[in-house]
Amino acid sequence: MLLKRLDDMRLSDLQSIIGVVREGKTIEFKREMPAKTNDEVVKFLAAVSSLANTAGGDLLIGMEAKDGVATVLISTES
C-alpha cells in the first residue's frame, strides 16, 4: 500500500517506486484500463475485488510491471 494519501501524491512519488515496489496483497499495477475482452474485464474486477475484500490497498493504473515489480510509469501526454 502506498504511504501517502492520493491527494498528497506527486509524480516523483510514483517514480520513486519503480524498481522497488512489488505487487502484493495491498498493491497492484495495471498498464491500462482493460476493456478489450470480457476476460480482461473479469481479471481487472477480480483484482479490485481482492483489494476491497482484504486489508484494502492501491490499484495503480498507468504503471507497467515485470514479474510483479513496477518498471515504467506510462505517460498520458501525447
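**Entry 1: Lys43 and Asp39**

I began with Lys43 and Asp39, which both lie in helix α2, 4 residues apart, about one turn of the helix. The model I consulted is predicted. I found that the two side chains meet in a salt bridge, at 3.6 Å from N to O. I then looked up how accessible each partner is. Lys43 is exposed, because its relative accessible area of 52% is over 50%. Asp39 has 47% relative accessibility and therefore counts as partly exposed.

**Entry 2: the second largest pocket**

I next turned to the second largest pocket, which holds about 160 Å³ of space. Lys43 is one of its lining residues, and I also noted Lys30, Arg31, Glu32, Met33, Pro34, Lys36, Glu40 and Phe44 in the lining. Which helix gives the most to this lining? I recorded helix α2 (residues 38-52), with 3 residues. By class, I listed 6 charged and 3 nonpolar residues in the lining, and no polar ones.

**Entry 3: salt bridges of the lining residues**

Lys36 forms a salt bridge with Glu32, and their closest N and O atoms are 2.8 Å apart. Lys36 counts as exposed, at 63% relative accessibility, whereas Glu32 is partly exposed, at 40%. I traced both residues into a network of salt bridges that links Arg31, Glu32, Lys36 and Glu64. For Lys30, I found a salt bridge between its side chain and that of Glu28, at 3.2 Å from N to O.

**Entry 4: count**

Conventions. Residues numbered from 1 in each chain as written. Predicted model: local features only at pLDDT ≥ 70, side-chain atom pairs only at ≥ 80, totals over all residues. Heavy atoms only, no water. 1 Å grid on protein atoms, 1.4 Å probe; cavity = no way out; pocket = protein on both sides within 12 Å on 5 of 7 lines; lining within 4 Å. Points joined across faces, edges and corners; volume = space filled by probe spheres on them. Helix = DSSP H or I, 4+ residues; strand = E, 2+ residues; numbered from the N terminus. Nonpolar A, V, L, I, M, F, W, Y, C, P; charged D, E, K, R; others polar. Salt bridge = Lys/Arg side-chain N within 4 Å of Asp/Glu carboxyl O. Buried < 20%, exposed > 50% of the residue type's maximum accessible area, 1.4 Å probe, protein only.
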